[in-house]
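Welcome! Take a moment to look over the model below, and then we can walk through two parts of it together.

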Amino acid sequence: MSTFDFLLQGLTVALDPMILFYALIGVTLGTAVGVLPGIGPALTVALLLPVTYGLDPAGSLIMFAGIYYGGMYGGSTTSILLNTPGESASIVTALEGNKMARAGRGGPALATAAIGSFVAGLIATLALAFLAPYVVKLALVFGPREYFALMMLAFVTVSAAFGDSAMKGLTSLFVGLALALVGIDQLTGQARLSFGVPELLDGIEVTTLAVALFAIGEALFVASQGNTVVEKIEAVKGSVWMSRSDWARSWKPWLRGTLIGFPIGAMPAGGAEIGTLLSYATEKRLSKHPEEFGHGAIEGVAGPEAANNASAAGTLVPLLTLGLPTSATAAIMLAGFQQFGLQPGPLLFATSPQLVWGLISSLLVANVMLLVLNLPLIRLWVKLLTIPRHWLYAGILLFATLGTIGMNPSPVELGMLLLFGIMGFAMRLYCYPIAPVVVGLILGPMAEQQLRRALAISQGDWTTLVATPVAAGILLLATLALVVPLIMRMRGKGALLAQLASEED
Amino acid sequence: MKHTLLSALFVAALAAPAFATDYMIMAPAAPGGGWDSTARSMQEVMQAEGIAGSVQVQNVPGAGGTVGLAQFASTAAGDPSQLIVGGYVMVGAILTNASPVSLADVTPIARLTGEAEGIAVSASSPIQTIGELVEMMKADPGSVSWAGGSAGGVDHITVGLLAKAAGVDPTKINYVAFSGGGEALAAILGNQVTVGISGVGEFLPQVEAGTMRMLAVSTADKWQGTDAPTLIEAGYDVNVQNWRMVAAAPGLSAEQKAAVSADIDKLVNSAGWKSMLETKGWANTYLAGADFDAQLAKDIESTTVVLKDIGLVK
């Protein structure tokens with residue numbers, strides 16, 4: 001039977017009323033936990049695992065997958081409206097999304113996020129069905145040196161995409177890199193910069209830092225301005241729905257985001273954050289309106305949101321084909337498979353085709369359900385912004401604090417949240433960009449570990465970094481991305497670049 | 001919030017006998033890992049079998065369980081209704097993190113389950129036996145790169161013990177730590193490293209599918225599901241079991257400790273626990289009382305020595 005026949009057969013499983021019901025529970029719960037900071041899809045699935053013990057395998061696995069997709073959807077809502085990313089994959093969405101929301105364009109921002117997630121989820125799920133065996137081969141080609149090269153590319157492109165002043169952007173990035181050093185060094189097991197505080201041994205949680213810098217810092221800043229500022233949050237300006245130009249500016253980022261997110265999600269050490277960061281950088285570079293970035297460019301929401309949903313589907317590639325869990329949620333889904341005596345891995349497609357294809361088909365169904373569930377809610381969500389400002393910010397503070405405590409009930413975590421919040425306030429006051437700090441914290445440890453792993457494997461031989469065509473190719477691309485603009489600028493060629501440069505400094 | 005709600009639902013659904021004790025089990029790890037699923041399995045079986053009225057699980061993740069352990073030792077002292085799940089990984093983490101709180105600060109009750117460590121290579125690797133691998137290590141320890149879990153963890157310790165037993169300098173081993181099983185497995189399958197080490201369960205599906213070859217297991221006896229030799233059979237005196245245990249609060253009276261031990265004994269001998277072990281694929285390596293205390297002391301001692309040999313602990 002061909003893949004297509006299997007998929008059709010899977011759809012008959014997925015359209016069973018009971019299975020549909022499980023999928024509905026899954027996506028509803030997923031959206032809810034995605035909206036609530038602190039409760040991620042991983043925790044929800046872990047809590048539900050014992051409850052589903054008595055259910056049939058197909059139904060509960062499909063419910064888990066619904067939670068996973070739903071969580072990716074819901075995470076964008078708080079990012080856009082409250083500048084409070086619920087999970088690390090939606091941090092980038094907050095950058096442009098929240099600016100849009102404050103300019104009265106929360107509706108289109110939420111809509112492009114929802115539709116982008118749908119488009120990405122749809123394409124990526126189909127890709128999962130048809131391309132999984134090939135994508136997984138590609139993923140296995142990636143070893144430490146290739147990941148290191150990928151991180152370098154991410155650093156170069158992403159840091160170029162931030163900020164109006166290169167000096168301030170780099171300062172922020174290095175603050176993030178310094179924070180990334182805190183905790184147990186993974187390769188030697190030794191503690192670094194933890195000053196004897198056991199809670200610091202696992203390093204600084206990315207979401208804690210992001211919520212502190214974005215939400216707490218913002219709230220403090222607004223409070224410090226008192227009533228003197230006239231800047232007013234407009235809940236709705238123009239249509240709640242996307243305009244023709246919004247559509248025109250969104251569809252390409254959706255597709256590009258999917259293209260970036262899916263393969264990176266499928267890589268065992270990829271993860272959703274890298275995909276969203278690369279997508280953001282790509283959109284900024286390709287946009288016809290680069291000046292809008294930082295002030296609410298719709299491309300900056302559409303691309304990363306598509307990328308993060310595509311990477312969720314990508315994560316299922318190594319899980320279903322190799323039994324490799326590459327994210328916390330995937331690890332728990334693996335536990336779910338095992339609970340029913342199923343061993344995901346190279347044999348799963350052969351031993352339980354009905355279940356696998358049922359799962360893939362119900363992801364398609366869940367994706368449609370999510371769109372139907374989320375689009376009407378947008379009108380309701382944007383009403384949040386009509387809440388008077390002092391109440392809104394009090395609410396944001398409460399929400400951010402609760403989320404952090406919910407994730408890790410420790411006074412130290414709360415202390416960090418407040419401390420970084422004050423740091424975020426100071427950075428705003430002196431006009432330092434905030435996003436590079438978070439980028440440094442995400443990319444720093446990955447780049448360091450992959451570099452050291454590569455060198456350990458090669459026993460200290462640096463040429464290993466360019467020893468494979470893939471690694472060498474990516475590094476070359478990164479070098480070009482760094483050097484070409486410099487040379488062009490030095491020679492005074494390229495009016496566009498010169499103009500860009502003058503805007504940058 | 002959600003947690004309490006679910007627990008409440010659970011209690012309502014499984015209305016247990018009124019006289020049974022209530023327990024609060026701390027899983028010193030994030031949801032989804034081995035300790036968390038051990039704690040949640042205990043919760044489920046203890047409630048279903050009526051060993052306890054209501055059981056709640058609390059996750060305190062961090063630093064190989066030492067964050068949770070420190071919190072448990074200070075807040076649960078003298079409270080017989082509090083339990084903590086832990087394991088061999090904690091023994092190493094306490095040493096490498098120079099944790100101020102150790103297993104001596106809680107009351108270990110029993111070892112519940114355990115798993116052998118497996119040593120495996122990708123199917124396309126030229127290495128056929130554990131003997132060949134060790135010869136390579138003897139010739140040039142650095143040329144054999146090992147993919148495994150976090151530095152100083154049970155995977156790393158096992159490699160160190162093997163090197164010592166084979167007469168290779170343990171400080172020279174080339175151990176590459178990966179976070180999470182998936183990444184290490186990908187590195188092995190993708191031939192990025194020479195050999196991999198992890199819990200046997202992680203490798204078995206790959207071995208069945210013919211993508212990996214198991215060279216040896218680390219326990220004294222052969223492991224179910226693979227005919228790979230034990231390290232002892234292969235001539236290296238290494239016996240490691242990655243076990244999970246349950247401990248009670250510090251400062252309990254002898255009667256209180258006996259009551260907790262009796263409840264755990266009831267749990268382990270219940271039909272529910274047996275079927276739970278079967279579905280999870282866990283081996284029952286129950287060991288309690290003085291035997292467990294002696295085994296624990298032995299493990300702590302050998303771990304301290306090997307971590308010093310590797311150079312992770314001064």
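## A covered strand and a pair of helices

Strand 7 of chain B, residues 195-199, is mostly covered, with four of its five residues buried. Keep in mind as you look around that this is a predicted model.

Which strands pair with strand 7 of chain B? Strand 4 of chain B (residues 107-122) runs antiparallel to strand 7 of chain B, while strand 5 of chain B (residues 145-148) runs parallel to strand 7 of chain B. The table sets out both pairings.

| Partner of strand 7 of chain B | Direction | Bridges | Residues standing opposite |
|---|---|---|---|
| Strand 4 of chain B | antiparallel | four | B:E117 and B:G199 |
| Strand 5 of chain B | parallel | two | B:W146 and B:V195 |

Now let us turn to chain A. Helix 4 of chain A (residues 57-82) and helix 15 of chain A (residues 353-374) have axes that come within 9 Å and cross at roughly 40°. Because of that angle, helix 4 of chain A counts as oblique to helix 15 of chain A. The crossing of helix 4 of chain A with helix 15 of chain A is right-handed.

Which residues make the contact? From helix 4 of chain A they include A:P57, A:L61, A:A65, A:Y69 and A:Y73. Helix 15 of chain A contributes, among them, A:L355, A:L359, A:S362, A:A366 and A:N374. Sorted by class, the contact between helix 4 of chain A and helix 15 of chain A has twelve nonpolar residues, six polar residues and no charged residues.

Notes: Residues numbered from 1 in each chain as written. Chains lettered and ligands numbered in written order. Predicted model: local features only at pLDDT ≥ 70, side-chain atom pairs only at ≥ 80, totals over all residues. Buried ≥ 20, exposed ≤ 12 C-beta atoms within 10 Å, placed from the backbone. Pairing = 2+ DSSP bridges. Axes fitted to C-alpha atoms, helices over the stretch in contact; angles between N-to-C directions. Parallel < 35°, antiparallel > 145°, perpendicular 65-115°, else oblique. Left-handed = near helix turned anticlockwise from the far one by under 90°. Contact = placed C-beta atoms within 7 Å. Nonpolar A, V, L, I, M, F, W, Y, C, P; charged D, E, K, R; others polar.
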